[in-house]
Structure formats: C-alpha cells, structure tokens
Amino acid sequence: MYKKIDPFLEILPQLDVHGYTEDTVMTVVNDFINDNYKLGNKKIVVIHGNGEHILRNKIHRELKHNKLVKDYYLYTFNIGCTIILLK
C-alpha cells in the first residue's frame, strides 16, 4: 500500500492520540505542549483522527484555556490533525 506523506507534517513534532479516551487525552496533550514549549518549538501537531470528533472537540475546548497556546487550527489537507502554535 502506498501512503502519501506530507512533508510539512513530517518536520513538526507530532503526537498521535488515537485510542485515548476523552477523560485521559488532555493529560498526554498537556505534557506534549509543555515539553515542546520548554524545547522552544513554536508549532506542533496533534493527530486525533476524524471519527465522531470526540477527541478533537475535547482538545479544542481545552486549548482555548491553555496559557502556552497562542493559536490552533485544523490542518487544511487533513482535518484529523490540529496544528498548535505555541507562545
């Protein structure tokens, strides 16, 4: 099977949260944000998938209140990914 790889996403730090529940996902995402903030990364990717948008909605609700997050948006070419801009 041929899988097209997006070079944009390949160079950014990524976290895949497939398989996490709505209750546990933010623990992992917040740790990922904190670690990348300390490393000085300004842009990171969280891969949550499409499905019923449970993880995406939870992540977006929590990102609104995170003081380390400058902005976030769905990746244009794959709405199963959220790009997060850090301060």
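Let's start with S3 and S4, which pair in the antiparallel sense over six bridges. Two strands count as paired here if DSSP finds at least two bridges between them, and the elements themselves are DSSP runs numbered from the N terminus, with helices being H or I of at least four residues and strands being E of at least two. A hairpin of two residues links S3 to S4, and Val 69 sits opposite Leu 86 in S4.

Before going on, a word on what you're looking at: this is a predicted model, in which local features need pLDDT of at least 70, side-chain atom pairs count only at pLDDT 80 or more, and totals for chains, interfaces and linings use all residues. Residues are numbered from 1 along each chain as its sequence is written, and side-chain values use heavy atoms, with hydrogens and water left out.

Now zoom out to the whole sheet. It is open, has four strands in the order S1-S2-S4-S3, and its pairing is mixed. Strand S1 (14-16) and strand S3 (69-75) are at the edges with a single partner strand each, so one side of each has no neighbour in the sheet. From one strand to the next, the twist averages 20°; angles here run from 0 to 180 degrees between N-to-C directions, and axes are lines fitted to C-alpha atoms, for helices over the stretch in contact.

On to the next pair: S2 (residues 43-47) and S4 (residues 78-86) run antiparallel and are joined by five bridges. Lys 43 is partnered with Leu 85 of S4, while Val 46 has Thr 82 of S4 as its bridge partner. S2 is largely enclosed by the rest of the structure, because four of its five residues are buried, where buried means under 20% relative accessible area, exposed over 50% and partly exposed in between (1.4 Å probe, protein chains only).

So what lies on the sheet? Helix H2 (residues 25-39) lies across S1, S2, S3 and S4 and runs at about 160° to S2. Helix H3 (residues 54-63) also packs on the sheet, where it touches S2, S3 and S4, and its direction makes about 155° with that of S3. Contact means heavy atoms within 4.5 Å. The buried residues of H3 are Leu 55, Arg 56, Lys 58, Ile 59, His 60 and Leu 63, and their cover includes H2, S2, S3 and S4.

The two helices also meet each other. The axes of H2 and H3 come within 10 Å and cross at roughly 50°. H2 and H3 are therefore oblique to each other, given that angles under 35 degrees count as roughly parallel, over 145 as roughly antiparallel, 65 to 115 as roughly perpendicular and the rest as oblique. On the H2 side the contact is made by Val 25, Met 26, Val 29 and Ile 33, and on the H3 side by Leu 55, Lys 58, Ile 59, Glu 62 and Leu 63.

Leaving aside residues up to four places away in sequence, Leu 63 touches Ile 33, Val 69, Tyr 72, Thr 82 and Ile 84. The C-alpha atoms of Leu 63 and Asn 30 are separated by 9.0 Å, with the two residues 33 apart along the chain.
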